[in-house]
Amino acid sequence: CPLLLAPIGGVLFSLEEVSYYFPHKVLWRAFFSALVAMLVLTYMNPYFTGKLVMFYANYTGSWHIFELIPFILLGIIGGFYGAIFIKGNLWWSKKRKTTRLGRHAIAEVVAIVAVTSLVGFINPFTRPLASHTIARLFRQCEPEDASDPLCTYKLAEDENQQDPGKLFGKWTDALWKTVWELALAAVFKGAITIFTFGIKVPAGLFIPTMFVGACFGRIFGILVQQLAYAHRTSSFFEPMCEQTAGCVIPGLYAMVGAAAALGGVTKMTISLVVIMFELTGGLSYIVPLMVAIMASKWVADAFVKDGIYDGHIHLNGYPFMDSKREFEHTTLALDVMRLRRNDSPLQTIPASGFTICDIENLLKETHFMGFPVVLSKNSQLLAGFVYRRELITTLVKAKRAQPDVSPDSPVYFAISPPRFTDPGEPTPVSLRVCLNKNPFFVTDSTPMETVVEIFRKLGLRQLLVTHNGRLLGIITKKDVLKHMAKLDNLDPESILFH
């Protein structure tokens, strides 16, 4: 996430949300890429402040234990918003894919741009860039901000008018108008983002969702602040509200609201807390962020099973093995594997008996990425597995190394070719180099729960199925996903792999 200036959060995001197979070397490469991006941004100084924190939060006060209740309420609101957004956006995206709307992508973009420009210009909070408005909502009111509509408070008659306490005063007409403008801005931005996420331009999701959450959070913070001000002399609020700046910081509520909205939409947890910390620099406010994010995720999970990214992965039919879903069925590898009664014969290569011409014809007639190697066509005893790319490369090298190789030359995979041949016979070729003698395989009685975990943990594309050493069939990642969709009462042919 170099754009959001959250390098560690970006790495954790890829680990938590968009990958089920994440080996150590990929983690290292992702971390190094984020480091290079941050070094370049440090040199460029994009905000001309010398800081790489996008929404720097420097509050004079801290949060209080009673504020955990409104933080949880913000998380609940964020969860409801996330469920509504996910259902609405996936409904519109499916409509875009299955109707004639998908043929008019440019017209859709132009229409959305026109609506966004015309309607957004009316509201003072949607008129500037969304990132500028978010930074403004995150800020704490200072004495010099009296002209800001977000900070227009009126002091009670018994208070010192010269005191900086004007940061913490009565509700004014200007503040009431500002609250309505914030509510309208949040509703408009949330509604238009349903249509913008997934169009043929990189519209983005993080900033619009943070905008919606920050607007509702700021409104919620102002309401809690007015409640504390109205009862500032009570035994509950008086010990906490002795500071002239007040005991409630609406900017903190905007930050928590932004995190809650993102948590409801994306269903992220750990990486989202780290991203919000890196964006704001607010190490002291990790607990409110964690509370709101967990509440929003629980509420969103009650209405929608998948987050927005998982939903689009399933909608587009990508062969993604979601590590967050448990496989709780009792089927076996025999129930899922190919070769079944109505399937075409499994393409295998005998360890000996094939010629160069047979190999080349097999490569021309099929598009498989690999082939099982058996000791013989009759026995079907598994000898290994050879990948298409390695087979082609090894075959080319063998022809260069042995100029007298002909199309009738026999090839050997599992055993060495004869050292001497009779005069007039074609020269044998050894392809043992490209043979994987220990391919991943399971027996036909292996539970599918184990098979699914093997695919997830090892990042496999296919898995061979044997019985007493004899090759029975093969299971691909797409076979597993189709089987899981079928068990969920879905039509795998209409949902997966468009």
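## Basis of the description

The model is predicted, and local features require pLDDT of at least 70, side-chain atom pairs count only at pLDDT 80 or more, and totals for chains, interfaces and linings use all residues. Residues are numbered from 1 along each chain as its sequence is written, and side-chain values rest on heavy atoms, with hydrogens and water left out.

## Overall composition

The protein contains 17 helices and 10 strands. These elements are DSSP runs numbered from the N terminus, with helices (H or I) of at least four residues and strands (E) of at least two. Of the 498 residues, 48% are buried. Buried denotes under 20% relative accessible area, exposed denotes over 50%, and partly exposed lies in between, for a 1.4 Å probe and protein chains only.

A contact is defined by heavy atoms within 4.5 Å. Among contacts between residues at least 6 apart in sequence, 71% join residues at least 24 apart.

Helix α7 spans residues 206-230, a total of 25 residues. From its first C-alpha to its last, α7 reaches 36 Å, close to the 36 Å expected at 1.5 Å a residue; the expected span is 1.5 Å times one less than the number of residues. Because 21 of its 25 residues are buried, α7 is largely enclosed by the rest of the structure.

Helix α10 (residues 286-303) includes Ser296, which is buried at 0% relative accessibility. Leaving aside residues up to four places away in sequence, Ser296 touches Gly75, Gly78, Gly79, Ala260, Gly263 and Gly264.

Strand β3 (residues 370-374) is largely enclosed by the rest of the structure, because 5 of its 5 residues are buried. In a regular strand the side chains alternate between the two faces of the sheet. Both faces of β3 are covered, with Gly370, Pro372 and Val374 buried on one side and Phe371 and Val373 buried on the other.

Two strands are taken as paired if DSSP finds at least two bridges between them. Strand β1 (residues 349-350) runs parallel to β3 and is joined to it by 2 bridges; Pro350 has Val374 of β3 as its bridge partner. With strand β4 (residues 382-387), β3 pairs in the antiparallel sense over 5 bridges, and here the partner of Val374 is Leu382.

## The sheet β8-β9-β10

Three strands form an open sheet in the order β8-β9-β10, with mixed pairing. Its edge strands, each pairing on one side only, are β8 (441-443) and β10 (470-476). Neighbouring strands are turned against each other by 35° on average, direction ignored.

Strand β9 (residues 462-467) runs parallel to β8 and is joined to it by 3 bridges, and Val442 stands opposite Val465 in β9. Helix α15 (residues 448-458) packs on this sheet, touching β8, β9 and β10, and its direction makes about 145° with that of β9. Axes are lines fitted to C-alpha atoms, for helices over the stretch in contact, and angles run from 0 to 180 degrees between N-to-C directions.

## Aromatic and charge-ring contacts

The structure holds 13 aromatic pairs. Rings of Phe, Tyr and Trp (its six-membered ring) pair if their centres lie within 6.5 Å, with planes under 30 degrees apart counted as stacked, over 60 as edge-to-face and the rest as tilted. The pair Trp91 and Trp92 is tilted, because the planes meet at 50°, with centres 5.9 Å apart. Trp91 is exposed at 52% relative accessible area, whereas Trp92 is buried at 16%. Phe368 and Phe371 form an edge-to-face pair, 6.4 Å centre to centre with 80° between the planes; Phe368 is partly exposed at 40%, and Phe371 is buried at 0%. Ring pairs also link Phe13, Phe197, Phe206 and Tyr309 into a cluster.

A charge sits over a ring if NZ of Lys or CZ of Arg is within 6 Å of the ring centre and within 35 degrees of the ring normal. Arg127 lies over the face of Phe121, 4.8 Å from the ring centre, and the charged end of Lys189 sits over the ring of Phe211, 5.2 Å from its centre.

## Loop residues with positive phi

Lys267, a residue other than glycine, has a positive phi near 65°. Lys267 occupies the loop between α8 (250-266) and α9 (270-280) and is buried at 7% relative accessibility. Gln380 likewise has a positive phi, near 55°. Gln380 lies in the loop between β3 and β4 and is buried at 17% relative accessibility.
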